[in-house]
Amino acid sequence: MKVLVIGGGAREHALCRSLSQDPAVTELHCAPGNAGIAQVATVHPVDQLDGAQVTGLAERLGATLVVVGPEAPLVAGVADAVRAAGIPVFGPSGAAAQLEGSKAFAKDVMAGAGVPTARSYVCTTAAEAAEALDAFGAPYVVKDDGLAAGKGVVVTSDREAALAHAASCERVVIEEYLDGPEVSLFAITDGTTVVPLQPAQDFKRALDGDEGPNTGGMGAYSPLPWAPDGLVEEVLETVLQPTVDELRRRGTEFSGLLYAGLALTSRGTRVIEFNARFGDPETQVVLARLRTPLAAVLLASATGTLDQLEPLRWDEGAAVTVVVASEGYPAAPRTGDPIEGLTEAEADGTAFVLHAGTRAGEDGQVLSAGGRVLSVTATGADLAEARGHAYAAVDRISLKGGQHRTDIALKAATA
(Lines give C-alpha, C1' and ligand atoms only; values in the text may rest on other atoms or scores of the structure.)
Protein backbone atom coordinates (compact mmCIF):
# COMPACT_ATOMS: atom_id res chain seq x y z
CA MET A 1 0.00 0.00 0.00
CA LYS A 2 1.08 3.55 -0.76
CA VAL A 3 -0.49 5.81 1.86
CA LEU A 4 -0.79 9.61 1.86
CA VAL A 5 -1.72 11.28 5.16
CA ILE A 6 -3.06 14.85 5.04
CA GLY A 7 -2.21 17.14 7.96
CA GLY A 8 0.74 18.30 10.01
CA GLY A 9 0.01 17.89 13.71
CA ALA A 10 0.65 15.36 16.45
CA ARG A 11 -2.46 13.41 15.42
CA GLU A 12 -1.00 12.97 11.94
CA HIS A 13 2.40 12.07 13.41
CA ALA A 14 0.68 9.38 15.51
CA LEU A 15 -1.09 8.06 12.40
CA CYS A 16 2.14 8.12 10.39
CA ARG A 17 4.06 6.39 13.18
CA SER A 18 1.53 3.56 13.31
CA LEU A 19 1.39 3.27 9.51
CA SER A 20 5.18 3.26 9.26
CA GLN A 21 5.21 0.17 11.51
CA ASP A 22 2.67 -1.65 9.31
CA PRO A 23 4.37 -4.20 7.01
CA ALA A 24 1.62 -3.68 4.41
CA VAL A 25 2.66 -0.04 3.89
CA THR A 26 5.38 0.11 1.24
CA GLU A 27 5.40 3.91 0.85
CA LEU A 28 4.30 6.54 3.35
CA HIS A 29 3.78 10.20 2.48
CA CYS A 30 2.40 13.15 4.44
CA ALA A 31 1.36 16.63 3.35
CA PRO A 32 2.29 19.11 4.64
CA GLY A 33 3.74 17.17 7.60
CA ASN A 34 6.17 18.58 10.16
CA ALA A 35 9.74 18.08 11.36
CA GLY A 36 8.90 14.89 13.26
CA ILE A 37 6.72 13.35 10.58
CA ALA A 38 9.59 13.85 8.11
CA GLN A 39 11.50 11.17 10.05
CA VAL A 40 8.95 8.44 9.20
CA ALA A 41 7.32 9.68 5.96
CA THR A 42 8.17 11.68 2.85
CA VAL A 43 6.64 15.13 3.30
CA HIS A 44 5.20 17.33 0.56
CA PRO A 45 4.07 20.96 0.52
CA VAL A 46 0.34 21.23 -0.16
CA ASP A 47 -2.63 23.42 0.68
CA GLN A 48 -4.53 20.86 2.74
CA LEU A 49 -7.81 22.73 2.22
CA ASP A 50 -7.52 22.48 -1.59
CA GLY A 51 -9.15 19.28 -2.80
CA ALA A 52 -7.65 19.59 -6.27
CA GLN A 53 -4.12 19.98 -4.89
CA VAL A 54 -4.51 17.02 -2.55
CA THR A 55 -6.01 14.86 -5.30
CA GLY A 56 -3.27 15.83 -7.73
CA LEU A 57 -0.58 14.88 -5.22
CA ALA A 58 -2.29 11.55 -4.49
CA GLU A 59 -2.45 10.76 -8.20
CA ARG A 60 1.21 11.67 -8.78
CA LEU A 61 2.27 9.45 -5.88
CA GLY A 62 0.06 6.58 -6.99
CA ALA A 63 -1.50 6.53 -3.53
CA THR A 64 -3.73 3.54 -2.81
CA LEU A 65 -5.14 5.16 0.35
CA VAL A 66 -5.47 8.80 1.43
CA VAL A 67 -6.04 9.52 5.13
CA VAL A 68 -7.40 13.01 5.88
CA GLY A 69 -6.45 13.93 9.44
CA PRO A 70 -7.76 17.40 10.43
CA GLU A 71 -11.34 18.61 10.55
CA ALA A 72 -10.91 21.70 8.34
CA PRO A 73 -10.01 19.76 5.14
CA LEU A 74 -12.85 17.33 5.81
CA VAL A 75 -15.42 20.11 6.20
CA ALA A 76 -13.94 21.74 3.06
CA GLY A 77 -14.74 18.57 1.09
CA VAL A 78 -11.20 17.36 0.44
CA ALA A 79 -12.26 13.74 0.91
CA ASP A 80 -14.97 14.24 -1.74
CA ALA A 81 -12.39 15.40 -4.28
CA VAL A 82 -10.11 12.44 -3.63
CA ARG A 83 -13.03 10.00 -3.70
CA ALA A 84 -14.25 11.45 -7.01
CA ALA A 85 -10.85 10.60 -8.50
CA GLY A 86 -11.40 6.95 -7.62
CA ILE A 87 -8.84 6.82 -4.80
CA PRO A 88 -9.89 5.18 -1.51
CA VAL A 89 -10.00 7.82 1.20
CA PHE A 90 -10.38 7.56 4.97
CA GLY A 91 -12.54 10.47 6.05
CA PRO A 92 -16.15 11.60 5.66
CA SER A 93 -17.60 13.75 2.91
CA GLY A 94 -17.93 17.48 3.44
CA ALA A 95 -21.67 17.02 4.04
CA ALA A 96 -21.15 14.28 6.63
CA ALA A 97 -18.32 16.22 8.30
CA GLN A 98 -20.90 18.87 9.21
CA LEU A 99 -21.45 16.60 12.20
CA GLU A 100 -18.40 18.46 13.52
CA GLY A 101 -18.59 21.54 11.32
CA SER A 102 -21.96 22.61 12.74
CA LYS A 103 -23.03 22.01 16.33
CA ALA A 104 -26.62 22.77 15.28
CA PHE A 105 -26.49 20.09 12.54
CA ALA A 106 -25.11 17.59 15.06
CA LYS A 107 -27.95 18.33 17.47
CA ASP A 108 -30.48 17.81 14.69
CA VAL A 109 -28.93 14.45 13.77
CA MET A 110 -28.91 13.39 17.42
CA ALA A 111 -32.57 14.29 17.74
CA GLY A 112 -33.40 12.22 14.67
CA ALA A 113 -31.35 9.29 15.92
CA GLY A 114 -32.66 9.42 19.49
CA VAL A 115 -29.14 9.94 20.85
CA PRO A 116 -29.01 11.19 24.47
CA THR A 117 -27.47 14.66 24.69
CA ALA A 118 -27.82 17.98 26.50
CA ARG A 119 -30.88 20.16 25.93
CA SER A 120 -29.88 23.16 23.84
CA TYR A 121 -30.89 26.30 21.97
CA VAL A 122 -29.41 27.65 18.73
CA CYS A 123 -28.98 31.44 19.04
CA THR A 124 -28.13 34.12 16.50
CA THR A 125 -28.87 37.30 18.47
CA ALA A 126 -27.79 38.71 21.83
CA ALA A 127 -31.37 38.60 23.07
CA GLU A 128 -31.71 34.91 22.18
CA ALA A 129 -28.41 34.14 23.87
CA ALA A 130 -29.39 35.95 27.05
CA GLU A 131 -32.72 34.13 27.16
CA ALA A 132 -31.02 30.74 26.69
CA LEU A 133 -28.44 31.43 29.39
CA ASP A 134 -31.17 32.35 31.84
CA ALA A 135 -33.19 29.26 30.91
CA PHE A 136 -30.37 26.89 31.82
CA GLY A 137 -28.56 28.86 34.52
CA ALA A 138 -24.93 28.55 35.55
CA PRO A 139 -22.54 27.01 34.75
CA TYR A 140 -23.10 28.31 31.22
CA VAL A 141 -22.06 26.28 28.17
CA VAL A 142 -21.66 28.34 24.98
CA LYS A 143 -20.41 26.69 21.78
CA ASP A 144 -19.47 28.36 18.52
CA ASP A 145 -21.60 26.62 15.89
CA GLY A 146 -18.66 26.34 13.48
CA LEU A 147 -15.11 25.00 13.61
CA ALA A 148 -12.87 26.68 16.16
CA ALA A 149 -9.85 24.36 16.44
CA GLY A 150 -11.00 22.96 19.77
CA LYS A 151 -11.27 26.40 21.36
CA GLY A 152 -14.82 27.44 20.46
CA VAL A 153 -16.42 26.29 23.71
CA VAL A 154 -16.72 28.41 26.85
CA VAL A 155 -17.89 26.87 30.13
CA THR A 156 -18.19 29.53 32.82
CA SER A 157 -20.26 30.72 35.75
CA ASP A 158 -19.68 34.31 34.61
CA ARG A 159 -22.79 35.37 32.69
CA GLU A 160 -21.03 38.35 31.10
CA ALA A 161 -18.21 36.15 29.83
CA ALA A 162 -20.77 33.74 28.38
CA LEU A 163 -22.60 36.60 26.64
CA ALA A 164 -19.32 37.99 25.31
CA HIS A 165 -18.39 34.64 23.76
CA ALA A 166 -21.84 34.35 22.21
CA ALA A 167 -21.50 37.84 20.76
CA SER A 168 -18.16 36.94 19.17
CA CYS A 169 -19.75 34.10 17.15
CA GLU A 170 -22.16 34.34 14.24
CA ARG A 171 -24.27 31.51 15.62
CA VAL A 172 -23.95 29.64 18.92
CA VAL A 173 -25.40 26.59 20.58
CA ILE A 174 -26.17 27.21 24.26
CA GLU A 175 -26.90 24.10 26.25
CA GLU A 176 -27.39 22.73 29.73
CA TYR A 177 -24.28 21.82 31.68
CA LEU A 178 -23.56 18.10 31.88
CA ASP A 179 -22.05 16.87 35.14
CA GLY A 180 -19.79 13.86 35.56
CA PRO A 181 -16.46 12.70 34.09
CA GLU A 182 -15.82 13.01 30.37
CA VAL A 183 -14.81 10.21 28.02
CA SER A 184 -13.62 10.26 24.41
CA LEU A 185 -14.67 7.23 22.36
CA PHE A 186 -13.59 6.83 18.73
CA ALA A 187 -15.22 4.51 16.25
CA ILE A 188 -14.21 3.61 12.71
CA THR A 189 -17.12 3.20 10.29
CA ASP A 190 -17.71 2.58 6.61
CA GLY A 191 -21.19 4.08 6.76
CA THR A 192 -22.85 0.85 7.89
CA THR A 193 -20.58 -1.18 10.17
CA VAL A 194 -19.22 0.56 13.26
CA VAL A 195 -16.06 -0.62 15.04
CA PRO A 196 -15.39 1.14 18.37
CA LEU A 197 -11.84 1.72 19.59
CA GLN A 198 -10.68 1.96 23.21
CA PRO A 199 -11.92 4.90 25.31
CA ALA A 200 -9.59 7.67 26.47
CA GLN A 201 -9.78 10.84 28.52
CA ASP A 202 -8.21 14.15 27.59
CA PHE A 203 -7.49 17.32 29.56
CA LYS A 204 -8.78 20.53 27.98
CA ARG A 205 -7.81 23.15 30.55
CA ALA A 206 -4.36 24.71 30.29
CA LEU A 207 -3.35 24.41 33.93
CA ASP A 208 -3.13 21.77 36.65
CA GLY A 209 -6.34 21.01 38.49
CA ASP A 210 -8.40 21.78 35.39
CA GLU A 211 -7.80 25.49 35.82
CA GLY A 212 -7.13 28.13 33.17
CA PRO A 213 -8.52 28.57 29.66
CA ASN A 214 -9.73 25.84 27.32
CA THR A 215 -7.11 24.49 24.92
CA GLY A 216 -6.94 21.97 22.13
CA GLY A 217 -5.93 19.41 24.78
CA MET A 218 -2.96 19.20 27.16
CA GLY A 219 -2.73 15.44 27.56
CA ALA A 220 -4.62 12.15 27.55
CA TYR A 221 -4.57 8.59 28.83
CA SER A 222 -6.03 5.17 28.10
CA PRO A 223 -7.51 2.87 29.37
CA LEU A 224 -9.97 4.28 31.90
CA PRO A 225 -9.95 1.98 34.95
CA TRP A 226 -12.86 3.88 36.50
CA ALA A 227 -15.18 3.58 33.48
CA PRO A 228 -18.25 1.43 34.07
CA ASP A 229 -18.32 -2.10 32.67
CA GLY A 230 -20.03 -2.29 29.31
CA LEU A 231 -19.53 1.40 28.49
CA VAL A 232 -18.20 0.80 24.98
CA GLU A 233 -21.03 -1.60 24.14
CA GLU A 234 -23.60 0.83 25.54
CA VAL A 235 -22.27 3.78 23.53
CA LEU A 236 -22.08 1.66 20.37
CA GLU A 237 -25.75 0.70 20.80
CA THR A 238 -27.19 4.05 21.91
CA VAL A 239 -24.92 6.62 20.22
CA LEU A 240 -22.54 5.47 17.52
CA GLN A 241 -24.62 3.01 15.51
CA PRO A 242 -27.83 5.13 15.64
CA THR A 243 -25.90 8.20 14.45
CA VAL A 244 -24.32 6.37 11.52
CA ASP A 245 -27.73 4.85 10.64
CA GLU A 246 -29.45 8.25 10.81
CA LEU A 247 -26.87 9.89 8.53
CA ARG A 248 -27.24 7.05 6.03
CA ARG A 249 -31.04 7.44 6.19
CA ARG A 250 -30.61 11.13 5.33
CA GLY A 251 -28.48 10.25 2.32
CA THR A 252 -25.33 11.65 4.01
CA GLU A 253 -23.38 8.47 4.61
CA PHE A 254 -20.56 8.89 7.12
CA SER A 255 -17.39 6.87 6.60
CA GLY A 256 -14.19 7.49 8.50
CA LEU A 257 -13.65 8.27 12.18
CA LEU A 258 -16.65 9.17 14.32
CA TYR A 259 -15.57 10.67 17.65
CA ALA A 260 -18.08 10.89 20.49
CA GLY A 261 -17.25 13.21 23.37
CA LEU A 262 -19.28 11.86 26.29
CA ALA A 263 -20.26 12.91 29.80
CA LEU A 264 -21.06 10.14 32.28
CA THR A 265 -23.73 12.10 34.11
CA SER A 266 -25.86 11.24 37.13
CA ARG A 267 -28.71 10.64 34.66
CA GLY A 268 -26.74 8.40 32.31
CA THR A 269 -24.33 8.77 29.39
CA ARG A 270 -24.82 11.92 27.30
CA VAL A 271 -23.10 13.16 24.14
CA ILE A 272 -21.27 16.46 24.59
CA GLU A 273 -20.15 16.71 20.97
CA PHE A 274 -19.25 14.78 17.86
CA ASN A 275 -16.07 15.13 15.85
CA ALA A 276 -15.50 13.81 12.36
CA ARG A 277 -11.86 12.79 12.78
CA PHE A 278 -9.35 11.34 15.19
CA GLY A 279 -9.08 13.53 18.30
CA ASP A 280 -5.86 15.16 19.42
CA PRO A 281 -4.31 14.22 21.92
CA GLU A 282 -6.43 11.09 22.48
CA THR A 283 -5.26 9.52 19.20
CA GLN A 284 -1.73 9.44 20.54
CA VAL A 285 -2.67 7.10 23.42
CA VAL A 286 -5.29 5.04 21.59
CA LEU A 287 -2.96 4.19 18.69
CA ALA A 288 -0.13 3.49 21.13
CA ARG A 289 -2.26 0.62 22.47
CA LEU A 290 -3.57 -0.69 19.11
CA ARG A 291 -1.84 -3.91 18.03
CA THR A 292 -3.83 -4.58 14.86
CA PRO A 293 -1.95 -3.12 11.85
CA LEU A 294 -3.62 0.21 11.09
CA ALA A 295 -3.56 0.42 7.29
CA ALA A 296 -5.97 -2.46 6.67
CA VAL A 297 -8.44 -1.02 9.18
CA LEU A 298 -8.47 2.41 7.51
CA LEU A 299 -8.69 0.84 4.04
CA ALA A 300 -11.67 -1.31 5.13
CA SER A 301 -13.46 1.88 6.19
CA ALA A 302 -12.63 3.54 2.86
CA THR A 303 -13.81 0.57 0.80
CA GLY A 304 -16.92 -0.45 2.72
CA THR A 305 -15.54 -3.76 3.98
CA LEU A 306 -15.36 -3.28 7.74
CA ASP A 307 -17.74 -6.19 8.27
CA GLN A 308 -14.97 -8.48 7.00
CA LEU A 309 -12.41 -7.20 9.51
CA GLU A 310 -11.20 -9.43 12.33
CA PRO A 311 -11.71 -8.06 15.88
CA LEU A 312 -9.15 -5.43 16.82
CA ARG A 313 -6.28 -6.46 19.09
CA TRP A 314 -5.18 -4.21 21.96
CA ASP A 315 -2.23 -3.96 24.31
CA GLU A 316 -3.38 -4.77 27.85
CA GLY A 317 -1.17 -2.04 29.29
CA ALA A 318 -1.64 1.72 29.43
CA ALA A 319 -0.55 4.82 27.53
CA VAL A 320 -0.18 8.45 28.65
CA THR A 321 0.46 11.55 26.55
CA VAL A 322 1.71 14.85 27.98
CA VAL A 323 1.54 17.90 25.71
CA VAL A 324 4.42 20.38 25.77
CA ALA A 325 3.10 23.79 24.70
CA SER A 326 4.71 27.10 23.80
CA GLU A 327 5.05 30.03 26.14
CA GLY A 328 1.84 32.08 25.94
CA TYR A 329 -0.36 29.21 24.77
CA PRO A 330 -3.31 29.30 24.17
CA ALA A 331 -3.79 33.08 23.93
CA ALA A 332 -0.57 34.15 22.17
CA PRO A 333 1.85 31.26 21.63
CA ARG A 334 5.46 32.13 21.00
CA THR A 335 7.17 30.26 18.14
CA GLY A 336 10.59 29.89 16.56
CA ASP A 337 12.43 28.61 19.64
CA PRO A 338 14.83 25.65 19.38
CA ILE A 339 13.79 22.35 20.96
CA GLU A 340 16.50 20.25 22.57
CA GLY A 341 16.58 16.83 24.17
CA LEU A 342 14.34 15.02 21.68
CA THR A 343 16.77 12.14 21.15
CA GLU A 344 17.38 11.84 24.88
CA ALA A 345 13.63 11.71 25.56
CA GLU A 346 13.33 8.55 23.47
CA ALA A 347 16.65 7.00 24.45
CA ASP A 348 15.43 4.29 26.85
CA GLY A 349 12.60 3.11 24.57
CA THR A 350 9.79 3.71 27.06
CA ALA A 351 8.52 6.92 25.43
CA PHE A 352 8.30 8.51 22.01
CA VAL A 353 7.85 12.11 20.93
CA LEU A 354 5.14 13.11 18.47
CA HIS A 355 5.51 16.53 16.87
CA ALA A 356 2.51 18.86 16.86
CA GLY A 357 3.78 22.35 16.02
CA THR A 358 7.35 22.06 14.80
CA ARG A 359 9.45 22.90 11.75
CA ALA A 360 13.02 22.27 10.70
CA GLY A 361 15.38 25.24 10.99
CA GLU A 362 18.00 26.08 8.37
CA ASP A 363 20.67 24.22 10.32
CA GLY A 364 18.42 21.17 10.77
CA GLN A 365 17.51 22.06 14.32
CA VAL A 366 13.88 21.50 15.31
CA LEU A 367 12.03 24.73 16.11
CA SER A 368 8.65 25.39 17.70
CA ALA A 369 6.01 26.41 15.18
CA GLY A 370 2.70 26.36 17.03
CA GLY A 371 0.90 26.51 20.34
CA ARG A 372 0.99 22.82 21.13
CA VAL A 373 4.51 21.77 20.18
CA LEU A 374 4.99 18.13 21.21
CA SER A 375 2.98 15.16 22.45
CA VAL A 376 5.26 13.08 24.64
CA THR A 377 3.73 9.59 24.74
CA ALA A 378 4.70 6.60 26.83
CA THR A 379 3.40 3.12 27.52
CA GLY A 380 3.64 0.89 30.56
CA ALA A 381 2.10 -2.07 32.33
CA ASP A 382 -0.34 0.30 34.04
CA LEU A 383 -1.13 4.02 34.16
CA ALA A 384 1.33 4.73 36.96
CA GLU A 385 4.21 3.22 34.98
CA ALA A 386 3.20 4.87 31.68
CA ARG A 387 2.82 8.18 33.46
CA GLY A 388 6.24 7.89 35.04
CA HIS A 389 7.84 7.15 31.67
CA ALA A 390 6.05 10.09 30.02
CA TYR A 391 7.09 12.66 32.59
CA ALA A 392 10.66 11.36 32.69
CA ALA A 393 10.82 11.96 28.93
CA VAL A 394 9.28 15.43 29.26
CA ASP A 395 11.96 16.33 31.79
CA ARG A 396 14.65 15.61 29.20
CA ILE A 397 13.20 18.10 26.70
CA SER A 398 14.15 21.77 26.70
CA LEU A 399 11.98 24.51 25.12
CA LYS A 400 12.33 28.11 26.24
CA GLY A 401 9.15 29.10 28.08
CA GLY A 402 7.65 25.68 27.40
CA GLN A 403 4.74 24.62 29.60
CA HIS A 404 2.95 21.40 30.44
CA ARG A 405 0.49 20.08 32.97
CA THR A 406 1.92 17.92 35.75
CA ASP A 407 -1.30 16.08 36.62
CA ILE A 408 -2.17 14.16 33.44
CA ALA A 409 -3.67 10.78 34.50
CA LEU A 410 -2.67 11.43 38.12
CA LYS A 411 -6.04 10.69 39.74
CA ALA A 412 -6.61 7.58 37.64
CA ALA A 413 -3.10 6.28 38.28
CA THR A 414 -3.32 6.72 42.06
CA ALA A 415 -6.94 5.69 42.60
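**Sheets and helix packing in the predicted model**

Strand S4 (residues 65–68) and S5 run parallel and are joined by two bridges. Helices (H or I, at least four residues) and strands (E, at least two) are DSSP runs, numbered from the N terminus, and two strands pair if DSSP finds at least two bridges between them. The structure is a predicted model, in which local features need pLDDT of at least 70 and side-chain atom pairs count only at pLDDT 80 or more, whereas totals for chains, interfaces and linings use all residues. Residues are numbered from 1 along each chain as its sequence is written, and side-chain values use heavy atoms, with hydrogens and water left out.

Strands S4 and S5 belong to an open sheet of five strands, ordered S3-S2-S1-S4-S5, with parallel pairing. Strand S3 (42–43) and strand S5 (89–90) each have a single partner strand and stand at the edges, so one side of each is left without a neighbour in the sheet. Val66 has Val89 as its bridge partner in S5. Helix H1 (residues 10–20) packs on this sheet, where it touches strand S1 (2–7), strand S2 (27–32) and S4, and its direction makes about 170 degrees with that of S1. Helix H2 (residues 51–61) also packs on the sheet and touches S1, S2 and S4, with its direction at about 160 degrees to that of S1. Contact means heavy atoms within 4.5 Å; axes are lines fitted to C-alpha atoms, for helices over the stretch in contact, and angles run from 0 to 180 degrees between N-to-C directions.

Helix H6 (residues 103–113) packs against H9 at an angle of about 100 degrees, the axes being 9 Å apart. H6 is therefore roughly perpendicular to H9, a term that covers angles of 65 to 115 degrees. Phe105, Val109, Gly112 and Ala113 of H6 make the contact with Pro242, Thr243, Glu246 and Leu247 of H9.

The loop between helix H9 (231–249) and strand S16 (256–265) contains Gly251. Gly251 is exposed, with a relative accessible area of 64%, whereas ten of the ten residues of S16 are buried; buried means under 20% relative accessible area and exposed over 50%, with partly exposed in between (1.4 Å probe, protein chains only).

Strand S10 (residues 182–189) pairs with S16 in the antiparallel sense over eight bridges, and Thr189 stands opposite Gly256 in S16. S16 is also joined to strand S17 (residues 268–275) by seven bridges, and these two strands run antiparallel. Ala260 has Phe274 as its bridge partner in S17, and a hairpin joins S16 to S17 through two residues.

Technical notes: Parallel < 35°, antiparallel > 145°, perpendicular 65-115°, else oblique.
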